[in-house]
Amino acid sequence: MIRAIGKKITPAISAPFRKQSSATAIHVEPTKADRIIADVAARTTEPWLQKLARGLAWGADEKVWLALASVAWLVTRGQSSRVRATTTHALLVTVAASALPHALKAIFDQTRPDRTTLRGHLHGVAPSGHAQDAFPSGHALHMGALYSAAGPLPARARIAVRSAAVGLSITRVMLLAHWASDVIVGFMLGAALERSLRPWTGYEPPGASRI
């Protein structure tokens, strides 16, 4: 039943990238550190903490970001060229960051940590997504892109945005939806993706040399 529901709500953008057979995918094993971190998360979590983390995780969801980026792009068409370039960049990055994880998950096959723990389920952990789609974290990929794009913001705003991006990424480990390495790789891919698309969108913020 859970698998059937999951298939129905899978975003349309993932359809071209679905795995035809697990036998054709490259299997990725979690590291020793991944297993230790997941075990700590399973032992220390509580049902209320899981509910909180699931709510916060929506802040990094691709559907939310696609909606926000699309609305921002539409309402800024009559504004300055710099504003238009910024929202065009945001929309293009969001679309690319939504498609890339689905493409990678069609190639790589890794079991989510929430499918490997009994203790976690006793503490409120719920299955998330397709069981073999742990690598990489799509939520973290979006947050890596956000972290990178926050570079030109004033110091306080930059720190706030980047702290939120890191915090929302960590929720994926807390929920046992991904191994820690899935989140790290996804975050790094998102940051690299955002930087690589700047020349195409005209998004050249001041202080571009900042990390």
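Guide: Starting with contacts (heavy atoms within 4.5 Å): among those in the protein chain between residues at least 6 apart in sequence, 74% join residues at least 24 apart.

Visitor: What am I looking at, and what should I know about the numbers?
Guide: This is a predicted model, where local features need pLDDT of at least 70 and side-chain atom pairs count only at pLDDT 80 or more, while totals for chains, interfaces and linings use all residues. Residues are numbered from 1 along each chain as its sequence is written, and side-chain values use heavy atoms, with hydrogens and water left out.

Visitor: OK, how many helices and strands?
Guide: The protein chain has 9 helices and 2 strands. These are DSSP runs numbered from the N terminus: H or I of at least four residues for helices, E of at least two for strands. Reading from the N terminus, the order is α-β-α-α-α-α-β-α-α-α-α.

Visitor: And what share of the residues is buried?
Guide: 39% of the 211 residues in the protein chain. Buried means under 20% relative accessible area, exposed over 50%, and partly exposed in between, with a 1.4 Å probe and protein chains only.

Visitor: Take His142, then. Buried or exposed?
Guide: His142 is buried, at 6% relative accessible area. That histidine sits in helix 7 (residues 138–149).

Visitor: What is His142 in contact with?
Guide: Skipping neighbours within four places in sequence, His142 contacts Ala60, Glu62, Trp65, Thr94, Ala97 and Ser98.

Visitor: New topic: how do helix 5 and helix 9 cross?
Guide: Helix 5 (residues 81–105) and helix 9 (residues 180–201) have axes that come within 9 Å and cross at roughly 135°. Helix 5 is therefore oblique to helix 9. Axes are lines fitted to C-alpha atoms, for helices over the stretch in contact, and angles run from 0 to 180 degrees between N-to-C directions. Under 35 degrees counts as roughly parallel, over 145 as roughly antiparallel, 65 to 115 as roughly perpendicular, and the rest as oblique.

Visitor: Which residues meet there?
Guide: On the helix 5 side they include Ala85, His89, Leu92 and Ala96, and on the helix 9 side Leu189, Leu193 and Arg198 are among them. By class, the contact of helix 5 with helix 9 has 9 nonpolar, 3 polar and 2 charged residues. Here Ala, Val, Leu, Ile, Met, Phe, Trp, Tyr, Cys and Pro count as nonpolar, Asp, Glu, Lys and Arg as charged, and the others, Gly among them, as polar.

Visitor: What about helix 3 and helix 8?
Guide: The axes of helix 3 (residues 47–57) and helix 8 (residues 155–174) come within 9 Å, crossing at roughly 135°. Leu49, Gln50, Ala53, Leu56 and Ala57 of helix 3 make the contact with Leu168, Thr171, Arg172 and Met174 of helix 8.

Visitor: Which residues form the largest nonpolar core?
Guide: There are 9: Ala60, Ala140, Met143, Ala165, Leu168, Val173, Ala180, Val183 and Phe187. Helix 7, helix 8 and helix 9 are the elements giving two or more residues to this core. A nonpolar core is a set of buried Ala, Val, Leu, Ile, Met, Phe, Trp, Tyr and Cys residues joined through side-chain atoms within 4.5 Å.

Visitor: Last one: is Leu122 buried or exposed?
Guide: Leu122 is exposed, with 65% relative accessibility, and belongs to helix 6 (residues 119–122). The C-alpha atoms of Leu122 and Ala42 are 8.9 Å apart, with 80 residues separating them along the chain.
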